[in-house]
Amino acid sequence: MRVVLALFLLLAALPLRAEEVIVGLSQNRVSLTVNFEGSEILIFGAVRREMALPEDSALDVIVAIEGPPQQATIWRKARRAGIWVNTEGQEVRAAPSFYAVATTGPLSEILSADADLTHRISTRLAIFEARSGVDRTDPAAFTEALIRIREAEGLYQQRESTVDLQRDTLFSTRLTLPKTIVEGSYAARIFLLRDGDVIDEFETFIDVRKAVLERWLTNLAYDQPFLYGLLALFLAVFFGWGASALFRFLRS
Amino acid sequence: MQIYLPIAETSVNAFTLLGVGGGVGVLSGMFGVGGGFLITPLLFFIGVPPAVAVATGVNQVVASSISGVLAHLKRKTVDLRMGTVLLIGGLIGSLVGIWFFNLMSRLGQIDLIVQLSYVIFLGIIGALMLQESLRALLRSKNPNAARRKLHTHIWVHNLPMKMKFRTSGLYISVFPPLLVGVGVGILAAIMGVGGGFVLVPAMIYLLGMPTKVVIGTSLFQVTFVAAFTTMMHAVTNQSVDVMLAIFLILGGVIGAQVGTRIGLKLPAEQLRILLALLVLAVCAKIAFDLLWTPSEFYSISVKGRF
């Protein structure tokens with residue numbers, strides 16, 4: 001009897017979960033070419049619904065794009081003998097190199113603290129602080145500084161109410177990848193929310209790669225540094241000597 | 001037009017880069033200076049990470065001095081023996097400098113070290129240049145002023161292990177040139193410069209070399225030390241950006257040709273005052289950044305990036 005009741009309740013609850021998000025991206029490859037100046041990505045999608053539109057709660061959408069994580073040190077300056085010097089450093093185990101959140105409304109209103117903890121949506125939760133060296137009085141100040149600096153550089157973006165949701169079904173938003181982004185796989189997560197809870201989630205990836213020549217130079221620099229150094233010297237000698245030889249030839 | 005720099009992992013304006021290379025090239029053509037001491041700080045100002053600016057700056061020095069050293073070798077105005085001693089010192093100095101550079105990078109202090117070195121050295125050479133050119137200006141008005149003695153023997157020349165440098169007509173201890181070389185090598189590795197601005201006065205006033213071989217010999221040492229330092233930066237911290245280097249070099253070689261023409265037509269000795277003031281202005285800008293209370297007290301250094 002109890003099992004039947006549980007099954008019945010589950011079935012009754014199912015329609016609530018029966019909203020599904022379908023997502024498309026304007027591009028899932030970004031190429032860092034010679035003249036790369038940043039890139040704009042359009043994220044659009046629809047909500048598939050196998051039930052009547054609930055009228056007691058509002059539907060919200062959050063789009064989060066996360067670049068490859070990096071280990072970093074955050075330094076704080078203090079005045080020593082008249083000049084400003086890095087005096088204190090705080091390690092960060094992993095911080096996304098890029099993090100952008102776009103929403104249909106104010107993040108604090110549409111996302112509950114529990115759901116944020118589970119899905120790590122807000123910028124603050126996307127950063128993993130190192131547990132060592134927390135003897136400092138204000139470890140949070142370092143993480144806040146990291147967010148502040150990267151927001152100023154456009155690497156972290158919190159764009160509330162920039163997702164355009166039409167008739168609770170179609171949504172779209174644009175996000176800008178600045179020119180300083182690093183290579184790697186960028187995870188794009190799209191959340192569907194009701195009453196502060198995530199009811200559906202979709203994940204896809206954007207591949208950010210250096211173009212052929214840039215890729216080749218970077219690989220050479222890191223895998224064959226000696227050859228790369230020789231290449232750098234060859235180019236310097238070739239252009240330095242070649243240009244002056246050319247000018248001598250032109251003059252005579 | 002933006003240019004993506006694969007090692008610095010950012011993009012900068014191509015015309016700004018050509019302008020920096022070309023502007024410094026004009027100055028180097030006019031005054032016969034290498035210009036590395038201006039290129040590297042100008043790269044900081046346009047947003048190139050200091051480590052990349054230093055390593056790429058030293059690569060650019062190779063390009064700007066190679067044709068000079070070939071011309072001097074052809075004219076036989078290079079004291080090869082002295083050049084070799086200075087070069088051995090330079091390679092040792094470069095190794096020390098690279099070790100120190102990488103140590104300071106790990107400690108998060110490299111930006112400070114590079115900036116401080118620039119403030120000190122630009123301050124000194126700017127002031128000396130200004131003093132020298134003002135004096136030259138006065139001397140040209142008063143031709144009877146006392147002149148410097150051609151060759152003086154000072155105590156450093158009498159250290160042990162004396163060596164004969166026939167081309168320079170010197171018989172002195174190998175230690176002074178060796179130590180001068182070491183100093184120049186350290187500067188090359190930390191500041192991304194050729195070091196001619198230290199080497200040339202040291203050769204004239206400290207070693208007492210005849211001026212006819214000073215330029216050729218210093219170019220000989222600078223070219224090889226810069227080449228070695230480029231290799232060391234490329235191998236130990238992968239901070240040489242060839243894309244950046246090509247733009248600086250192209251701007252530089254064209255600028256140098258223009259500068260040489262200008263130098264022949266204009267009174268270079270008087271314009272030298274302007275160069276001195278420019279050097280002092282760059283020095284003041286860097287000093288200001290160190291002394292002024294910053295708007296942001298925090299900075300980020302990412303592991304494996306610059």
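**Where the chains meet**

Author: This is a predicted model. Two salt bridges are counted between chain A and chain B.

Reader: Why is the pair Lys210(A) and Glu9(B) called a salt bridge?

Author: The closest N and O atoms of Lys210(A) and Glu9(B) are 3.4 Å apart. A salt bridge needs a side-chain nitrogen of Lys or Arg within 4 Å of a carboxyl oxygen of Asp or Glu, so the pair Lys210(A) and Glu9(B) qualifies.

Reader: Which helix of chain A gives the most to the side that touches chain B?

Author: That is helix 7 of chain A, with 17 residues. In all, 55 residues of chain A are in contact with 52 residues of chain B. The area buried between chain A and chain B is about 4,900 Å², and carbon and sulfur atoms give 65% of that. Residue pairs in polar contact between the two chains number 18, counting pairs with both residues at pLDDT 80 or more.

Reader: Why is Trp241(A) called partly exposed?

Author: Trp241(A) sits in helix 7 of chain A. Its relative accessible area is 42%. Buried means under 20% and exposed over 50%, so Trp241(A), lying in between, is partly exposed.

Reader: What makes up the nonpolar patch on the surface?

Author: The patch is formed by Val237(A), Trp241(A), Leu70(B), Leu73(B) and Leu80(B), with about 410 Å² of accessible area together. Helix 7 of chain A and helix 3 (50-74) of chain B each supply at least two of its residues. Patch residues need over 30% relative accessible area, and Trp241(A) has 42%.

Conventions:
Residues numbered from 1 in each chain as written. Chains lettered and ligands numbered in written order. Predicted model: local features only at pLDDT ≥ 70, side-chain atom pairs only at ≥ 80, totals over all residues. Heavy atoms only, no water. Patch = residues over 30% accessible without salt bridge, like charges linked within 9 Å, V, L, I, M, F, W, Y side chains within 5 Å. Areas by Shrake-Rupley, 256 points an atom, 1.4 Å probe, with all protein chains shown as cover. Helix = DSSP H or I, 4+ residues; strand = E, 2+ residues; numbered from the N terminus. Buried < 20%, exposed > 50% of the residue type's maximum accessible area, 1.4 Å probe, protein only. Contact = heavy atoms within 4.5 Å. Buried area = accessible area lost by both parts, 1.4 Å probe. Polar contact = N/O pair within 3.5 Å; in protein donor to acceptor, adjacent residues only side chain to side chain.
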